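Me: I would like to learn how to read a few features of a structure, beginning with a single residue and then moving on to a sheet.

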Amino acid sequence: MNKYNEHFLLDTESVKDYVVSKLNYFKPEENIDAQEIGDGNINYVFKVWNPLTGKSIIVKQADKLLRSSGRPLDMYRNRIEAEILKIQRNLAPEYVPEIYFYDENMYVLAMEDISEFKNMRTEMLNGKIFAHFSDNVSTFLADTLIPTTDLFISRSEKKNNVKKFMNPELCDISEDLVFTEPYWDYKKRNIILKENLDFVKENLYDDKVLHFEVAKLRDRFMNYPQALIHGDLHSGSIFANDSGIKIIDPEFAFYGPIGYDSGNVIGNLCMSWVNKEFTDASNQHFIDWIKASILDIMIKLESKITTKLKESTENGLYKYSFKQFYTNSIIEDTYGYAGTEIIRRVVGDSKVKEVTSVEDPVTRIPMERAMIKVGIYLIKNRYNSIDLNDLQKIINVEK
Ligand code: ADP
Ligand code: MG
(Lines give C-alpha, C1' and ligand atoms only; values in the text may rest on other atoms or scores of the structure.)
(Ligands and ions follow the chains in the order given, each with its own letter.)
Protein backbone atom coordinates (compact mmCIF):
# COMPACT_ATOMS: atom_id res chain seq x y z
CA MET A 1 0.00 0.00 0.00
CA ASN A 2 1.99 2.91 -1.33
CA LYS A 3 -0.24 5.57 0.08
CA TYR A 4 0.90 4.75 3.62
CA ASN A 5 4.61 4.84 2.89
CA GLU A 6 4.99 8.36 4.09
CA HIS A 7 3.60 10.08 7.15
CA PHE A 8 0.46 12.16 6.80
CA LEU A 9 -2.09 12.95 9.46
CA LEU A 10 -5.09 10.65 9.58
CA ASP A 11 -8.61 11.93 10.12
CA THR A 12 -11.87 10.18 11.00
CA GLU A 13 -12.39 9.20 7.35
CA SER A 14 -8.88 8.13 6.33
CA VAL A 15 -8.39 6.18 9.57
CA LYS A 16 -11.25 3.86 8.56
CA ASP A 17 -9.52 3.01 5.29
CA TYR A 18 -6.26 2.61 7.19
CA VAL A 19 -7.57 -0.01 9.62
CA VAL A 20 -9.22 -1.92 6.78
CA SER A 21 -6.61 -1.81 4.04
CA LYS A 22 -3.41 -1.55 6.04
CA LEU A 23 -4.24 -3.38 9.26
CA ASN A 24 -6.87 -5.79 7.89
CA TYR A 25 -8.59 -5.37 11.24
CA PHE A 26 -12.05 -5.03 9.67
CA LYS A 27 -13.30 -6.51 6.42
CA PRO A 28 -13.91 -4.05 3.56
CA GLU A 29 -17.65 -4.83 3.60
CA GLU A 30 -18.02 -4.02 7.31
CA ASN A 31 -19.72 -0.79 8.30
CA ILE A 32 -17.41 1.03 10.69
CA ASP A 33 -17.41 4.27 12.63
CA ALA A 34 -14.49 6.40 13.74
CA GLN A 35 -14.07 9.12 16.31
CA GLU A 36 -11.12 11.21 17.47
CA ILE A 37 -10.93 10.77 21.24
CA GLY A 38 -7.56 12.33 22.05
CA ASP A 39 -7.58 14.66 25.02
CA GLY A 40 -3.87 15.28 25.24
CA ASN A 41 -2.09 18.14 23.58
CA ILE A 42 0.48 16.06 21.75
CA ASN A 43 -0.95 13.21 19.67
CA TYR A 44 -4.08 12.07 17.82
CA VAL A 45 -6.07 9.13 19.12
CA PHE A 46 -8.87 7.49 17.09
CA LYS A 47 -11.32 4.87 18.14
CA VAL A 48 -12.61 2.81 15.21
CA TRP A 49 -15.40 0.31 15.73
CA ASN A 50 -18.12 -1.76 14.17
CA PRO A 51 -21.38 -0.79 15.91
CA LEU A 52 -22.98 -4.10 14.98
CA THR A 53 -20.36 -6.43 16.42
CA GLY A 54 -18.88 -4.06 18.98
CA LYS A 55 -15.37 -4.90 17.76
CA SER A 56 -13.04 -1.91 18.17
CA ILE A 57 -9.46 -0.75 17.92
CA ILE A 58 -7.49 2.32 19.03
CA VAL A 59 -5.18 4.07 16.59
CA LYS A 60 -2.73 6.55 18.09
CA GLN A 61 -0.74 8.70 15.70
CA ALA A 62 2.07 11.11 16.41
CA ASP A 63 2.39 14.35 14.50
CA LYS A 64 5.57 16.21 13.68
CA LEU A 65 4.15 19.29 15.34
CA LEU A 66 2.75 19.49 18.84
CA ARG A 67 -1.05 19.79 18.79
CA SER A 68 -1.04 22.57 21.35
CA SER A 69 1.78 24.89 20.33
CA GLY A 70 2.66 23.82 16.77
CA ARG A 71 6.26 23.28 17.88
CA PRO A 72 8.14 20.36 16.25
CA LEU A 73 8.80 17.31 18.44
CA ASP A 74 10.98 14.24 17.87
CA MET A 75 8.90 11.53 16.13
CA TYR A 76 11.10 8.76 17.54
CA ARG A 77 9.02 9.10 20.71
CA ASN A 78 6.29 7.15 18.95
CA ARG A 79 8.58 4.14 18.39
CA ILE A 80 9.68 4.36 22.03
CA GLU A 81 6.04 4.28 23.11
CA ALA A 82 5.34 1.20 20.96
CA GLU A 83 8.44 -0.60 22.23
CA ILE A 84 7.90 0.10 25.91
CA LEU A 85 4.22 -0.85 25.73
CA LYS A 86 5.25 -4.23 24.34
CA ILE A 87 7.84 -4.69 27.08
CA GLN A 88 5.40 -3.66 29.83
CA ARG A 89 2.68 -5.85 28.36
CA ASN A 90 5.07 -8.82 28.62
CA LEU A 91 6.01 -8.00 32.19
CA ALA A 92 2.55 -7.04 33.47
CA PRO A 93 -0.13 -8.18 30.96
CA GLU A 94 -3.01 -7.32 33.26
CA TYR A 95 -2.14 -3.64 33.29
CA VAL A 96 -1.21 -2.73 29.73
CA PRO A 97 -3.27 -2.73 26.50
CA GLU A 98 -2.19 -5.19 23.85
CA ILE A 99 -0.26 -3.64 20.97
CA TYR A 100 -1.54 -4.97 17.66
CA PHE A 101 0.64 -3.10 15.23
CA TYR A 102 3.29 -0.43 14.86
CA ASP A 103 3.78 1.50 11.62
CA GLU A 104 7.12 3.28 11.46
CA ASN A 105 6.25 5.18 8.28
CA MET A 106 2.94 6.54 9.48
CA TYR A 107 3.99 6.77 13.15
CA VAL A 108 0.90 4.85 14.08
CA LEU A 109 0.36 2.60 17.04
CA ALA A 110 -2.68 0.31 16.96
CA MET A 111 -3.78 -1.15 20.24
CA GLU A 112 -6.49 -2.75 22.30
CA ASP A 113 -9.42 -0.54 23.22
CA ILE A 114 -9.53 -0.09 27.00
CA SER A 115 -12.62 2.17 27.03
CA GLU A 116 -14.15 0.10 29.83
CA PHE A 117 -11.64 1.80 32.09
CA LYS A 118 -11.97 5.51 32.88
CA ASN A 119 -9.45 8.29 33.34
CA MET A 120 -8.47 8.03 36.98
CA ARG A 121 -7.92 11.76 37.44
CA THR A 122 -11.45 12.52 36.31
CA GLU A 123 -12.88 9.67 38.36
CA MET A 124 -11.14 10.90 41.52
CA LEU A 125 -12.31 14.46 40.87
CA ASN A 126 -15.83 13.03 40.83
CA GLY A 127 -15.14 11.45 44.21
CA LYS A 128 -14.85 7.87 42.96
CA ILE A 129 -12.64 5.57 45.02
CA PHE A 130 -10.83 2.41 43.96
CA ALA A 131 -10.19 0.05 46.84
CA HIS A 132 -7.88 -2.09 44.70
CA PHE A 133 -5.71 0.79 43.49
CA SER A 134 -2.75 0.58 45.88
CA ASP A 135 -2.35 -3.13 45.33
CA ASN A 136 -2.60 -2.88 41.55
CA VAL A 137 -0.38 0.13 41.02
CA SER A 138 2.34 -1.19 43.34
CA THR A 139 2.34 -4.48 41.42
CA PHE A 140 2.53 -2.64 38.11
CA LEU A 141 5.49 -0.57 39.35
CA ALA A 142 7.45 -3.47 40.84
CA ASP A 143 6.74 -5.83 37.94
CA THR A 144 7.54 -3.44 35.08
CA LEU A 145 10.47 -1.56 36.59
CA ILE A 146 12.63 -3.92 38.65
CA PRO A 147 13.11 -6.53 35.84
CA THR A 148 14.62 -3.86 33.56
CA THR A 149 17.45 -3.01 36.00
CA ASP A 150 21.04 -4.27 36.16
CA LEU A 151 19.96 -6.59 38.94
CA PHE A 152 17.95 -8.58 36.40
CA ILE A 153 19.33 -8.18 32.89
CA SER A 154 22.85 -8.57 31.55
CA ARG A 155 25.19 -5.60 31.37
CA SER A 156 25.20 -5.64 27.57
CA GLU A 157 21.42 -5.92 27.22
CA LYS A 158 21.01 -3.11 29.72
CA LYS A 159 23.36 -0.81 27.82
CA ASN A 160 21.65 -1.56 24.53
CA ASN A 161 18.33 -0.70 26.12
CA VAL A 162 19.65 2.54 27.58
CA LYS A 163 20.76 3.51 24.07
CA LYS A 164 17.53 2.43 22.40
CA PHE A 165 15.41 4.38 24.86
CA MET A 166 17.37 7.62 24.75
CA ASN A 167 14.54 10.12 24.54
CA PRO A 168 16.39 13.45 24.61
CA GLU A 169 13.63 15.81 23.50
CA LEU A 170 10.99 14.44 25.83
CA CYS A 171 13.48 14.34 28.73
CA ASP A 172 14.39 17.92 27.92
CA ILE A 173 10.76 18.92 28.48
CA SER A 174 10.80 17.36 31.96
CA GLU A 175 14.22 18.80 32.80
CA ASP A 176 12.83 22.27 32.18
CA LEU A 177 9.19 22.04 33.20
CA VAL A 178 9.58 19.76 36.21
CA PHE A 179 13.05 20.43 37.48
CA THR A 180 14.00 23.99 36.55
CA GLU A 181 11.29 26.50 35.79
CA PRO A 182 9.17 26.11 38.93
CA TYR A 183 12.25 27.25 40.92
CA TRP A 184 13.94 29.49 38.36
CA ASP A 185 11.47 30.93 35.85
CA TYR A 186 14.10 31.63 33.21
CA LYS A 187 11.72 31.08 30.28
CA LYS A 188 8.94 33.08 31.90
CA ARG A 189 6.43 30.32 31.33
CA ASN A 190 5.12 29.87 34.85
CA ILE A 191 1.49 30.78 35.37
CA ILE A 192 0.88 32.00 38.91
CA LEU A 193 -2.11 33.69 40.50
CA LYS A 194 -1.15 37.26 41.28
CA GLU A 195 -2.20 36.73 44.91
CA ASN A 196 0.37 33.91 45.15
CA LEU A 197 3.30 35.67 43.47
CA ASP A 198 4.97 36.68 46.73
CA PHE A 199 4.34 33.24 48.21
CA VAL A 200 5.97 31.55 45.21
CA LYS A 201 8.89 33.97 45.27
CA GLU A 202 9.60 33.33 48.93
CA ASN A 203 8.96 29.58 48.98
CA LEU A 204 10.17 28.47 45.54
CA TYR A 205 12.32 31.11 43.83
CA ASP A 206 14.29 32.22 46.89
CA ASP A 207 14.74 29.05 48.96
CA LYS A 208 18.38 28.01 48.52
CA VAL A 209 17.99 24.83 50.56
CA LEU A 210 15.13 23.74 48.33
CA HIS A 211 17.16 24.59 45.21
CA PHE A 212 19.96 22.30 46.38
CA GLU A 213 17.52 19.43 46.95
CA VAL A 214 15.76 19.92 43.60
CA ALA A 215 19.13 20.16 41.83
CA LYS A 216 20.04 16.75 43.28
CA LEU A 217 16.74 15.27 42.07
CA ARG A 218 17.23 16.83 38.64
CA ASP A 219 20.77 15.52 38.38
CA ARG A 220 19.56 12.04 39.35
CA PHE A 221 16.79 12.19 36.74
CA MET A 222 19.42 13.03 34.11
CA ASN A 223 22.20 10.70 35.21
CA TYR A 224 20.80 7.57 36.82
CA PRO A 225 19.69 5.05 34.18
CA GLN A 226 18.30 2.65 36.76
CA ALA A 227 15.27 1.20 34.97
CA LEU A 228 13.08 1.63 31.91
CA ILE A 229 10.56 4.04 33.38
CA HIS A 230 7.18 5.19 32.02
CA GLY A 231 8.25 8.80 32.47
CA ASP A 232 4.79 10.40 32.71
CA LEU A 233 2.83 8.33 35.19
CA HIS A 234 0.32 10.97 36.25
CA SER A 235 -3.27 9.99 37.05
CA GLY A 236 -4.41 10.86 33.49
CA SER A 237 -2.20 8.03 32.18
CA ILE A 238 -3.92 5.60 34.56
CA PHE A 239 -7.34 4.23 33.66
CA ALA A 240 -9.44 2.47 36.27
CA ASN A 241 -12.72 0.75 36.95
CA ASP A 242 -14.01 -1.46 39.75
CA SER A 243 -12.12 -4.44 38.39
CA GLY A 244 -8.64 -2.97 37.96
CA ILE A 245 -6.34 -0.49 36.21
CA LYS A 246 -4.67 0.01 32.84
CA ILE A 247 -1.65 2.22 32.19
CA ILE A 248 -1.13 4.01 28.86
CA ASP A 249 0.83 6.82 27.21
CA PRO A 250 4.51 6.07 28.02
CA GLU A 251 5.99 8.30 25.33
CA PHE A 252 8.30 9.99 27.87
CA ALA A 253 9.90 6.62 28.63
CA PHE A 254 13.67 6.37 29.09
CA TYR A 255 16.17 4.77 31.43
CA GLY A 256 15.82 6.82 34.59
CA PRO A 257 15.22 6.54 38.34
CA ILE A 258 12.40 4.21 39.43
CA GLY A 259 11.24 6.74 42.00
CA TYR A 260 10.28 9.14 39.23
CA ASP A 261 7.38 6.85 38.25
CA SER A 262 6.26 5.99 41.77
CA GLY A 263 6.73 9.66 42.72
CA ASN A 264 4.39 10.75 39.95
CA VAL A 265 1.73 8.39 41.25
CA ILE A 266 2.10 9.61 44.85
CA GLY A 267 2.33 13.27 43.83
CA ASN A 268 -0.87 13.10 41.82
CA LEU A 269 -2.72 11.34 44.65
CA CYS A 270 -1.55 14.10 47.01
CA MET A 271 -3.01 16.75 44.67
CA SER A 272 -6.27 14.88 44.56
CA TRP A 273 -6.27 14.70 48.36
CA VAL A 274 -5.54 18.42 48.83
CA ASN A 275 -8.16 19.31 46.21
CA LYS A 276 -10.82 17.39 48.16
CA GLU A 277 -9.73 18.95 51.48
CA PHE A 278 -10.53 22.35 49.98
CA THR A 279 -13.51 21.56 47.75
CA ASP A 280 -15.36 18.71 49.47
CA ALA A 281 -13.96 18.46 53.00
CA SER A 282 -17.00 16.61 54.31
CA ASN A 283 -16.27 13.71 51.97
CA GLN A 284 -14.39 11.82 54.66
CA HIS A 285 -14.91 8.56 52.81
CA PHE A 286 -12.81 9.78 49.88
CA ILE A 287 -10.22 11.52 52.06
CA ASP A 288 -9.74 8.41 54.22
CA TRP A 289 -9.37 6.26 51.12
CA ILE A 290 -6.82 8.49 49.44
CA LYS A 291 -4.68 8.90 52.57
CA ALA A 292 -4.76 5.15 53.18
CA SER A 293 -3.86 4.56 49.52
CA ILE A 294 -0.82 6.82 49.68
CA LEU A 295 0.46 4.96 52.75
CA ASP A 296 -0.43 1.57 51.37
CA ILE A 297 1.28 2.15 48.02
CA MET A 298 4.51 3.01 49.83
CA ILE A 299 4.32 -0.05 52.08
CA LYS A 300 3.36 -2.42 49.28
CA LEU A 301 5.90 -0.99 46.87
CA GLU A 302 8.69 -1.52 49.37
CA SER A 303 7.64 -5.07 50.11
CA LYS A 304 7.07 -6.01 46.44
CA ILE A 305 10.45 -4.60 45.46
CA THR A 306 12.11 -6.48 48.32
CA THR A 307 10.44 -9.72 47.23
CA LYS A 308 11.37 -9.22 43.59
CA LEU A 309 14.97 -8.43 44.45
CA LYS A 310 15.25 -11.80 46.18
CA GLU A 311 15.06 -13.40 42.71
CA SER A 312 17.64 -11.02 41.29
CA THR A 313 21.31 -11.29 40.38
CA GLU A 314 23.53 -13.85 42.01
CA ASN A 315 26.31 -11.29 42.18
CA GLY A 316 27.68 -11.86 45.70
CA LEU A 317 28.40 -8.18 46.23
CA TYR A 318 24.73 -7.30 46.11
CA LYS A 319 23.55 -10.07 48.38
CA TYR A 320 22.97 -8.36 51.70
CA SER A 321 23.03 -4.65 52.55
CA PHE A 322 22.94 -3.44 48.97
CA LYS A 323 19.42 -4.61 48.20
CA GLN A 324 18.07 -2.86 51.30
CA PHE A 325 19.97 0.31 50.38
CA TYR A 326 18.63 0.08 46.82
CA THR A 327 15.03 -0.22 48.04
CA ASN A 328 15.46 2.61 50.54
CA SER A 329 16.77 4.94 47.89
CA ILE A 330 13.76 4.19 45.65
CA ILE A 331 11.51 5.20 48.55
CA GLU A 332 13.43 8.45 49.10
CA ASP A 333 13.31 9.22 45.38
CA THR A 334 9.58 8.53 45.34
CA TYR A 335 8.90 11.23 47.93
CA GLY A 336 11.28 13.68 46.27
CA TYR A 337 9.78 13.26 42.81
CA ALA A 338 6.26 13.34 44.25
CA GLY A 339 7.17 16.79 45.57
CA THR A 340 8.58 18.08 42.27
CA GLU A 341 5.52 16.76 40.40
CA ILE A 342 3.10 18.59 42.72
CA ILE A 343 4.96 21.87 42.53
CA ARG A 344 5.29 21.91 38.75
CA ARG A 345 1.58 21.14 38.32
CA VAL A 346 0.69 24.18 40.44
CA VAL A 347 3.09 26.82 39.13
CA GLY A 348 4.05 25.52 35.68
CA ASP A 349 1.98 25.76 32.52
CA SER A 350 0.94 22.05 32.46
CA LYS A 351 -1.56 22.37 35.25
CA VAL A 352 -3.86 19.59 36.38
CA LYS A 353 -7.64 19.70 36.76
CA GLU A 354 -7.31 19.41 40.55
CA VAL A 355 -5.93 22.95 40.32
CA THR A 356 -7.70 24.55 37.33
CA SER A 357 -11.19 23.25 38.12
CA VAL A 358 -11.20 25.34 41.30
CA GLU A 359 -12.31 28.69 39.95
CA ASP A 360 -13.17 30.54 43.13
CA PRO A 361 -9.99 32.40 44.19
CA VAL A 362 -11.03 32.22 47.85
CA THR A 363 -10.55 28.46 47.65
CA ARG A 364 -7.91 28.28 44.96
CA ILE A 365 -5.33 30.61 46.54
CA PRO A 366 -4.94 28.69 49.83
CA MET A 367 -5.31 25.33 48.07
CA GLU A 368 -2.37 26.12 45.80
CA ARG A 369 -0.33 27.19 48.82
CA ALA A 370 -1.14 23.95 50.60
CA MET A 371 -0.10 21.92 47.54
CA ILE A 372 3.18 23.80 47.23
CA LYS A 373 3.91 23.34 50.95
CA VAL A 374 3.13 19.63 50.69
CA GLY A 375 5.55 19.38 47.74
CA ILE A 376 8.31 21.19 49.63
CA TYR A 377 7.82 18.98 52.71
CA LEU A 378 8.12 15.82 50.58
CA ILE A 379 11.29 17.05 48.88
CA LYS A 380 13.00 18.25 52.04
CA ASN A 381 12.04 15.32 54.27
CA ARG A 382 12.50 12.49 51.83
CA TYR A 383 15.55 11.11 53.68
CA ASN A 384 13.69 11.02 57.00
CA SER A 385 10.36 9.46 57.64
CA ILE A 386 7.45 11.06 55.86
CA ASP A 387 4.45 11.36 58.14
CA LEU A 388 0.92 11.81 56.78
CA ASN A 389 -0.01 13.60 60.00
CA ASP A 390 2.57 16.27 59.17
CA LEU A 391 1.02 16.62 55.71
CA GLN A 392 -2.44 16.91 57.25
CA LYS A 393 -1.16 19.71 59.53
CA ILE A 394 0.36 21.54 56.54
CA ILE A 395 -2.97 21.36 54.72
CA ASN A 396 -4.97 22.45 57.78
CA VAL A 397 -2.79 25.54 58.31
CA GLU A 398 -3.73 26.86 54.87
CA LYS A 399 -7.41 26.02 55.14
P1 ADP B 1 -1.40 11.84 24.47
O2 ADP B 1 -0.06 11.23 24.16
O3 ADP B 1 -1.83 12.81 23.43
O4 ADP B 1 -1.49 12.37 25.87
P5 ADP B 1 -2.90 9.50 25.39
O6 ADP B 1 -2.17 8.22 25.12
O7 ADP B 1 -2.91 10.01 26.79
O8 ADP B 1 -2.43 10.61 24.36
O9 ADP B 1 -4.39 9.29 24.88
C10 ADP B 1 -5.32 10.36 24.90
C11 ADP B 1 -6.69 9.84 25.27
O12 ADP B 1 -7.12 8.87 24.33
C13 ADP B 1 -6.69 9.10 26.60
O14 ADP B 1 -6.87 9.99 27.68
C15 ADP B 1 -7.84 8.16 26.44
O16 ADP B 1 -9.07 8.83 26.70
C17 ADP B 1 -7.80 7.81 24.98
N18 ADP B 1 -7.06 6.54 24.77
C19 ADP B 1 -5.73 6.38 24.52
N20 ADP B 1 -5.39 5.09 24.40
C21 ADP B 1 -6.54 4.38 24.57
C22 ADP B 1 -6.87 2.97 24.55
N23 ADP B 1 -5.95 2.04 24.33
N24 ADP B 1 -8.16 2.63 24.76
C25 ADP B 1 -9.12 3.57 24.97
N26 ADP B 1 -8.87 4.90 25.01
C27 ADP B 1 -7.60 5.31 24.81
MG1 MG C 1 -1.76 11.60 27.78
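Me: Does Asp261 count as buried or exposed?

Reply: The general idea is that buried means under 20% relative accessible area, exposed over 50%, and partly exposed in between, with a 1.4 Å probe and protein chains only. Here Asp261 has 2% relative accessibility and therefore counts as buried. Please keep in mind that this is a predicted model, in which local features need pLDDT of at least 70, side-chain atom pairs count only at pLDDT 80 or more, and totals for chains, interfaces and linings use all residues. Residues are numbered from 1 along each chain as its sequence is written, and side-chain values use heavy atoms, with hydrogens and water left out.

Me: Which residues does Asp261 touch, not counting those up to four places away in sequence?

Reply: Contact means heavy atoms within 4.5 Å, and on that basis Asp261 touches Leu141, Leu145, Ile229, His230, Gly231, Asp232 and Leu233. Asp261 itself is found in helix α9, residues 258-279; helices (H or I, at least four residues) and strands (E, at least two) are DSSP runs, numbered from the N terminus.

Me: In what order do the five strands of the open sheet lie?

Reply: Two strands pair if DSSP finds at least two bridges between them. In this case the order is β1-β2-β3-β5-β4, with antiparallel pairing, and the edge strands, β1 (33-36) and β4 (99-103), each pair on one side only. β4 and β5 (residues 108-111) are joined over four bridges, and Ile99 has Met111 in β5 as its bridge partner.

Definitions and conventions: Chains are lettered from A and ligands numbered from 1 in the order in which they are written.
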